[in-house]
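Welcome! Here are a few exercises to work through with the structure open beside you. Try each task before reading its solution.

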Number of protein chains: 2
Amino acid sequence: MSTNSANNNIKSKNIFAVDHRVDLEERWDGNGHKGGILWFTGLSGSGKTTLALELERQLIKHRYQAFVLDGDNIRGGLNRDLDFSPEGRSENIRRIAEVAALFSDAGQIAIAAFISPYEEDRQIARTLRPDLFHEVFINSDLAVCEQRDPKGLYKKARAGEIPEFTGISAPYEEPANPELVIDTAEDSVLESVYRLMDYVGSEFTLQGQVKEVA
Amino acid sequence: MSTNSANNNIKSKNIFAVDHRVDLEERWDGNGHKGGILWFTGLSGSGKTTLALELERQLIKHRYQAFVLDGDNIRGGLNRDLDFSPEGRSENIRRIAEVAALFSDAGQIAIAAFISPYEEDRQIARTLRPDLFHEVFINSDLAVCEQRDPKGLYKKARAGEIPEFTGISAPYEEPANPELVIDTAEDSVLESVYRLMDYVGSEFTLQGQVKEVA
């Protein structure tokens, strides 16, 4: 028996021929909504994680498939080998972007909440799934973020204990054309989450369907 | 206004207090089944990817949340920077294990299909989510895999064109206590997928619920 005919025999057993993966549309139909990537960018203390986790909670409650990627579940796991050098930060964002893309391939709404200060890195993230990528600028004045200082990081940065801290000793490049801007210096968490849910309700709803979001 | 009272003011606006993430049980209830990690290990040509993709297709059809991680969507993306050296292979598996863990945190059934020849690497993967980890040994004799040789890799390995090829010039450490063994030298793809779906039906079903799987 030649290798070729052996191959043919084996192939003939593959009565479940696998030519391609499950269509994204099939996943969306099953979930009742589209998937994609909500990429939250903003200064430390702007409210990214707070809003991401609350949005996730509301979406799960309304039977959306949604999952937050943030420092809490990335830095101690997948990216535990990376430091905060410029190269480490870029690789950090690159890997997160790849993981967010995989979650969107699974039909999920991936909510990535990272400072992601560089336009170039965010562009790379967008390029992976351009049709599914939504840049959300969590905007707040540096002064407001510094006053909040929920983790005491600004204080340490001002004291020179943290080198290259975004907004203090490292640049933050504001998004030029984000899909959505949330102004957390003006709006409360409640108002901000409502705006985010409105956005999801309009952008992630399947054609011809209305899904209750609030 | 002191920093403290400013912080208090901001906190008082957080009427959606975010203390913790969405419970896994809440996701499982929403999905109608448990999530977890099906870790397929086996030789090249044993049928890992074929079975993983077909299992995924059947599970999606039956409204499970399931997603395949395999060379196709990992090596060209998240792990594009890694080579096939021992260090590169270990880091490859480490990252995949972390991503599979994140998918299980999202309530999904993550199906990871990688040779993953080293017991130590698979143990690391298990340790991340020990209660959600299911090792599935896709077992087939080397001779059968080599005869199938769907990608022509064994031929190249025998010709010395691929160094450190698992089963030929690099070891494959068989799982000592896998949760499930699928014998693809004996069983057809159809039979193997049925066995996998039976396993999912018994291991990923919520207590007191019966979910149709076939």
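**Exercise 1: A pair of helices**

Task: In this predicted model, find in which handedness, left or right, helix 5 of chain B passes helix 6 of chain B.

Solution: Start with the crossing itself: helix 5 of chain B goes past helix 6 of chain B in a right-handed crossing. Next, list the residues that touch.

**Exercise 2: The angle**

Task: Decide how helix 5 of chain B and helix 6 of chain B are oriented to each other.

Solution: First take the geometry: the axes of helix 5 (residues 86-105) and helix 6 (residues 119-128) of chain B come within 9 Å and cross at roughly 20 degrees. Then apply the cut-off: angles under 35 degrees count as roughly parallel. The two helices of chain B are therefore roughly parallel to each other.

**Exercise 3: The core**

Task: Find which residues have the most contacts inside the largest nonpolar core.

Solution: This core has 96 residues, and the ones with the most contacts inside it are Ile111 and Ala112 of chain A and Ile111 and Ala112 of chain B. Now look around one of them: leaving out residues up to four places away in sequence, Ala112(A) touches Ile37(A), Trp39(A), Phe40(A), Leu69(A), Ile96(A) and Ala100(A).

**Exercise 4: Chain A as a whole**

Task: Count the helices and strands of chain A.

Solution: Chain A has 9 helices and 5 strands. Of its 214 residues, 44% count as buried.

How values were computed: Residues numbered from 1 in each chain as written. Chains lettered and ligands numbered in written order. Predicted model: local features only at pLDDT ≥ 70, side-chain atom pairs only at ≥ 80, totals over all residues. Axes fitted to C-alpha atoms, helices over the stretch in contact; angles between N-to-C directions. Helix = DSSP H or I, 4+ residues; strand = E, 2+ residues; numbered from the N terminus. Parallel < 35°, antiparallel > 145°, perpendicular 65-115°, else oblique. Left-handed = near helix turned anticlockwise from the far one by under 90°. Core = buried A, V, L, I, M, F, W, Y, C linked by C-beta atoms within 7 Å. Buried ≥ 20, exposed ≤ 12 C-beta atoms within 10 Å, placed from the backbone. Contact = placed C-beta atoms within 7 Å.
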